[in-house]
There are 4 protein chains.
Amino acid sequence: MNMNVKRIDYFNYLHLNELLNAQFPKSSIHDEMLFIITHQVYELWFKQILFEIDAVSLLLAQDELLDTDIFKVVSGLQRIIKIQKLMIDQIKILETMTPMDFLEFRDLLGTASGFESHQFRLLEAKLGVKYEMSSPFISRLSEPHQRLIAEALSQSSLLTLIERWLSRTPFLSIDDFTFWADYQAEIQVRHEQERLKINTNEWLSPQEKLSSMQQLQSVEEHFNVLFDSTLYNELIVKGEKKLSQRATHAALLIYIYRDQPAFHLPYMLLSSLVEIDDLLSSWRYAHILMVQRMIGQRVGTGGSTGQQYLTHAMQSRKVFSDLTNLASFLIRGSQLPLPDHVKIKLGLSYVQ
Amino acid sequence: MNMNVKRIDYFNYLHLNELLNAQFPKSSIHDEMLFIITHQVYELWFKQILFEIDAVSLLLAQDELLDTDIFKVVSGLQRIIKIQKLMIDQIKILETMTPMDFLEFRDLLGTASGFESHQFRLLEAKLGVKYEMSSPFISRLSEPHQRLIAEALSQSSLLTLIERWLSRTPFLSIDDFTFWADYQAEIQVRHEQERLKINTNEWLSPQEKLSSMQQLQSVEEHFNVLFDSTLYNELIVKGEKKLSQRATHAALLIYIYRDQPAFHLPYMLLSSLVEIDDLLSSWRYAHILMVQRMIGQRVGTGGSTGQQYLTHAMQSRKVFSDLTNLASFLIRGSQLPLPDHVKIKLGLSYVQ
Amino acid sequence: MNMNVKRIDYFNYLHLNELLNAQFPKSSIHDEMLFIITHQVYELWFKQILFEIDAVSLLLAQDELLDTDIFKVVSGLQRIIKIQKLMIDQIKILETMTPMDFLEFRDLLGTASGFESHQFRLLEAKLGVKYEMSSPFISRLSEPHQRLIAEALSQSSLLTLIERWLSRTPFLSIDDFTFWADYQAEIQVRHEQERLKINTNEWLSPQEKLSSMQQLQSVEEHFNVLFDSTLYNELIVKGEKKLSQRATHAALLIYIYRDQPAFHLPYMLLSSLVEIDDLLSSWRYAHILMVQRMIGQRVGTGGSTGQQYLTHAMQSRKVFSDLTNLASFLIRGSQLPLPDHVKIKLGLSYVQ
Amino acid sequence: MNMNVKRIDYFNYLHLNELLNAQFPKSSIHDEMLFIITHQVYELWFKQILFEIDAVSLLLAQDELLDTDIFKVVSGLQRIIKIQKLMIDQIKILETMTPMDFLEFRDLLGTASGFESHQFRLLEAKLGVKYEMSSPFISRLSEPHQRLIAEALSQSSLLTLIERWLSRTPFLSIDDFTFWADYQAEIQVRHEQERLKINTNEWLSPQEKLSSMQQLQSVEEHFNVLFDSTLYNELIVKGEKKLSQRATHAALLIYIYRDQPAFHLPYMLLSSLVEIDDLLSSWRYAHILMVQRMIGQRVGTGGSTGQQYLTHAMQSRKVFSDLTNLASFLIRGSQLPLPDHVKIKLGLSYVQ
């Protein structure tokens with residue numbers, strides 16, 4: 001309805017002249033156009049994801065986050081998730097190119113491949129993947145792109161920002177309520193009960209009793225890592241844990257009481273991060289399956305076969321694995337009820 | 001393995017410098033970037049679809065098509081289908097923008113909207129949508145884009161090429177086998193049997209008999225259109241049929257005997273066209289639902305509300321509706337068996 | 001870890017014996033099995049959706065909803081949405097049956113068709129579709145199923161429950177803050193400014209001025225419906241509006257200030273309902289497209305063709321259209337800022 | 001139109017009475033219903049997939065396959081693919097259950113889990129996974145289900161049937177045309193050219209020459225396996241190859257000349273098998289990711305963590321890996337042109 005605004009043309013607004021004239025196949029093979037356009041689309045989506053990550057990180061870098069800030073962070077992450085899902089589906093389009101179609105122009109591309117996407121490495125770095133600059137994924141990039149990655153690595157990643165935000169939560173102790181002590185006590189009681197049940201169960205053979213006891217002990221050791229800061233920090237040094245012990249405690253608090261108003265958005269934030277991690281992993285996997293189908297099992301002096309790379313790609317480079325692994329420490333909120341005065345503090349203002 | 005080929009850089013090969021620097025938001029609103037990139041991606045896909053349609057049309061424009069040509073046509077159409085599916089899913093990403101986010105920068109865009117995509121109109125024209133140049137969808141486009149549309153409209157559309165290809169099929173009569181006479185006879189026998197069954201069914205009340213007879217008659221009239229060239233051509237004049245009668249007969253032949261080797265690919269070709277039509281219709285529908293959600297029911301002196309437009313958009317502009325409607329004329333191949341010598345002609349060479 | 005629990009067998013737990021022996025094709029046609037199993041799967045999903053709707057309705061029927069209740073309602077609705085999406089995709093599986101495959105056993109089914117699913121009608125009734133018991137969709141069902149529908153129609157639908165919940169919101173006036181008066185004033189100011197802009201714009205021809213003025217007037221009439229209870233109630237009587245005026249005001253409040261903590265979940269609740277409505281509409285549409293492809297354009301004494309039915313099916317039976325249409329009344333929250341003391345009331349308790 | 005057929009009721013036809021009354025949650029936890037219904041739906045789909053595999057296997061077990069048989073086989077496999085895709089998407093619905101929701105009733109289920117689905121193991125066995133009856137996946141099943149698996153393992157799997165069908169192809173030599181000799185000669189010529197190119201390339205340093213030569217040699221060794229039956233059979237004994245050498249040659253022939261009419265359907269058949277394999281692998285992966293999220297990293301005396309299982313699950317149990325790996329042996333059909341008289345034999349009868 002704004003009458004004075006100059007008419008903006010759809011074509012010019014989107015700079016379609018540049019965009020639709022940026023496809024230069026190196027061969028006369030029909031399918032090369034698809035290869036180019038598909039990868040261009042991927043790069044446009046990467047740009048959008050980077051744009052969202054930057055906005056989310058800026059919000060998270062504040063010393064104090066308003067609830068409306070977390071609302072925006074969650075919206076940004078949810079958008080990234082939707083884009084990731086589309087990118088995974090997009091692989092189906094590349095697959096309409098049969099291996100032989102691809103072989104027709106592959107030689108002309110030299111080493112050009114999606115593994116050289118600097119935006120993808122940037123995205124990983126901004127999430128929290130700790131690349132060495134000497135990594136072959138980085139060192140092959142052009143100078144300016146390497147500088148971009150170096151800069152990203154030198155700044156606070158999303159992982160770091162989340163860890164800081166979790167660590168400074170005021171809710172680990174509210175007045176006389178200390179979540180962690182209560183949680184630890186509850187876990188110990190449950191394990192004690194379990195031990196008693198095994199010992200007094202006359203249906204179990206001595207062999208079964210032994211086995212059950214060993215299993216229980218292994219579970220207890222698993223929990224001990226959370227309780228014992230020395231053990232915990234050893235795992236951090238080994239790279240098996242990424243969040244500090246305090247941040248993990250805070251995350252567990254949020255997971256267990258996620259139905260309290262104060263934790264709605266924090267919970268959505270954390271689950272979104274886990275989903276982004278999973279989808280990134282699925283994307284790498286689907287991408288590799290596709291490459292395998294295209295060019296077969298690679299053999300070469302490099303010596304790494306696709307299978308090995310595949311396993312590697314999926315197991316490592318998970319950024320928020322600590323959050324994924326929280327599941328084994330969860331108990332039901334109803335088993336560790338919050339005091340009423342704490343509930344009020346975690347509730348909405350007008351309910352009071 | 002080609003050692004002499006100069007290394008081509010992924011970044012330069014894809015012209016990412018141009019591509020990733022073609023986003024110029026008009027506002028400082030965060031969500032405008034998503035709006036731009038999403039639409040740019042749509043336009044890249046349109047370019048790819050146009051590229052495939054052109055290749056397919058070139059093949060179909062030949063006087064004689066080899067089986068390997070039809071193979072390529074089907075592959076091209078299947079690829080278009082995969083892209084269309086992705087484009088429909090992509091709407092979910094635009095929907096992460098809530099109406100209010102959109103309203104924040106909408107005013108700045110003037111009239112710029114996806115309805116101004118010249119590539120989409122070009123695509124429709126190349127498929128066979130018969131636009132008037134004075135249509136508001138066309139007349140708003142820039143001069144050069146109008147010329148592109150005019151040129152496309154002046155050339156043979158995919159619809160026309162398919163109609164010609166169907167019309168010249170040699171299989172409507174092979175030696176003494178004349179499909180159409182046999183089909184027509186079979187249909188008449190079936191209707192006669194049906195009439196007899198109704199008349200002799202003592203469980204039916206007079207009212208039910210009458211109703212059944214009326215229904216049968218209506219079915220017979222429906223078939224008569226196929227049999228009677230005068231009736232058929234009237235529907236062509238009215239725009240209710242788009243393929244010639246002969247082409248429709250050929251299409252029916254292919255549908256009924258689609259398990260014969262000579263008809264495998266022709267059948268896949270025709271079903272692909274129906275699917276492209278359906279997906280285009282779904283895309284228009286999903287797009288309109290999304291616009292409705294974004295800007296609500298439009299009111300204006302133009303007077304057309306979204307609902308009316310929606311209905312219009314889906315009912316009209318179907319290009320291959322004649323093929324979709326074939327379903328009501330199908331019978332089982334086993335009810336009209338092919339003579340053995342015809343089967344041999346429709347089979348593979350080495351089987352003979 | 002619970003050692004005393006008797007081992008439950010997966011096969012028995014899921015009652016797979018009954019489930020996997022409930023497929024009785026009427027013909028020896030291979031594809032009938034797919035037809036049966038696909039429809040059985042649809043009915044299992046319908047059962048799940050009904051189960052979720054009942055749980056959601058029970059929560060909403062309370063006089064007072066805790067925030068944790070709304071949290072559960074939103075989770076339930078989000079789950080329904082995911083199921084609906086899968087059901088739409090499932091149509092692709094039915095489509096692997098070509099029309100001729102279907103024709104092979106269709107005659108044996110008599111009138112049996114998905115339109116006779118009593119669970120689907122129950123679902124619609126529970127959402128808020130106001131069926132007459134004499135509607136052909138209902139009167140064809142068995143006695144006990146008709147009773148189920150009648151019972152559902154006699155109870156509060158989701159639409160009714162939502163309308164009541166919206167109507168009793170305390171936030172339309174907080175202390176001296178009266179949202180509706182402020183909103184109405186803001187809209188009037190904006191229209192006044194618009195009028196002035198048109199009148200003083202020397203670039204517009206008299207004809208263009210007239211046209212712009214008419215458009216503005218039409219927009220104002222559109223808004224007047226919201227402001228004027230007589231006009232509004234007339235639309236309710238005509239069935240064009242379904243929510244009361246007060247409920248609509250409350251919904252608009254929630255949409256505009258959805259980033260306030262107190263409105264996070266209410267906003268998610270309302271958007272989920274809109275999405276469920278949209279997906280139900282998409283499902284009906286995709287289902288009809290599929291039926292059309294299977295059996296072609298229907299002709300019969302009933303006289304209704306698929307096209308007409310299609311248009312009908314999508315335009316009517318939308319339950320939450322009032323919410324969808326809110327978009328045209330939205331303004332930015334920043335244009336109508338909340339007083340600080342209201343923000344505090346809408347915020348989290350501990351922030352105070 | 002068949003007037004005498006007794007009206008069949010949709011409800012009875014689908015045995016909905018049994019189906020909709022087969023859900024017996026063990027707890028009063030809301031989410032258990034979803035758990036039950038989701039798994040019941042999976043089992044219905046498994047039944048459908050088994051039904052299709054049986055039909056496909058019956059066709060393939062014939063001594064001589066008509067082209068119309070292969071047409072049906074391909075249709076069956078394509079349907080399985082569509083179902084698999086839906087099953088993967090269905091995981092999203094299970095994921096609406098958060099870990100804590102699941103923990104609420106998990107203890108009550110004892111060991112009941114999807115890993116106990118006998119239909120899934122049957123499906124794997126029928127495809128060609130070579131289970132030992134003592135495998136924990138099998139030995140935990142009930143007696144009758146173990147017998148079903150044993151029976152399936154004793155019969156010809158899809159892998160075996162395909163291998164036989166490939167082995168008896170008449171096209172490896174047609175008159176004087178012997179594909180394999182020509183292919184082998186062509187590969188040797190190409191490697192010779194490559195060697196020459198490396199040796200005469202003055203831009204390469206000695207180190208680079210050495211490295212290129214080593215790479216070439218490794219490629220040649222890779223090809224030698226195909227050429228040398230002793231090497232090949234060693235890999236079969238080790239379980240690294242599953243198809244006989246002759247079957248692999250036939251598959252390669254089909255891949256390279258897939259645009260010849262005689263190979264259209266065979267090619268579609270082989271690619272469908274590869275896709276089924278890939279999707280099964282994706283399903284296992286997505287399923288495991290979901291389980292990990294639900295119950296976290298498992299620790300126990302069993303000692304196997306989810307990560308290890310994950311890697312195992314995806315690397316092993318691929319049935320048609322030989323076909324997937326063909327990609328690395330492909331050359332373009334244009335580089336090894338077929339003699340005209342062979343083309344005619346591979347063509348359609350009427351073209352002759």
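This is a predicted model: local features need pLDDT of at least 70, side-chain atom pairs count only at pLDDT 80 or more; totals for chains, interfaces and linings use all residues.

Colleague: Start with A and B. How many residues does the contact take from chain B and from chain A?

Modeller: Chain B puts in 53 residues, and chain A puts in 53 residues.

Colleague: Which elements give two or more residues to the side of chain B that touches chain A?

Modeller: Four helices of chain B: H1 (10–13), H2 (16–19), H3 (32–60) and H4 (67–94).

Colleague: And which gives the most to that side of chain B?

Modeller: H3(B) does, with 13 residues.

Colleague: What's the make-up of that side by class?

Modeller: On the side of chain B that touches chain A, there are 25 nonpolar residues, 15 polar and 13 charged.

Colleague: What rotation superposes chain B on chain A?

Modeller: One of 180°, with 0.1 Å of shift along its axis. The RMSD is 0.1 Å. The same surface serves both copies, as 100% of the contact residues of chain B recur in chain A.

Colleague: Switching to C and D. What rotation and shift superpose chain C on chain D?

Modeller: A rotation of 180° and a shift of 0.0 Å along its axis, with an RMSD of 0.0 Å. Therefore the two copies are related as by a two-fold rotation axis.

Colleague: What share of the contact residues of chain C recur in chain D?

Modeller: 100% of them, and the same surface serves both copies.

Methods
Residues are numbered from 1 along each chain as its sequence is written. Chains are lettered from A and ligands numbered from 1 in the order in which they are written. Copies are superposed by least squares on the C-alpha atoms of residues with pLDDT of at least 70 in both. Two residues are in contact if their C-beta atoms, placed from the backbone, lie within 7 Å. Ala, Val, Leu, Ile, Met, Phe, Trp, Tyr, Cys and Pro count as nonpolar, Asp, Glu, Lys and Arg as charged, and the others, Gly among them, as polar.
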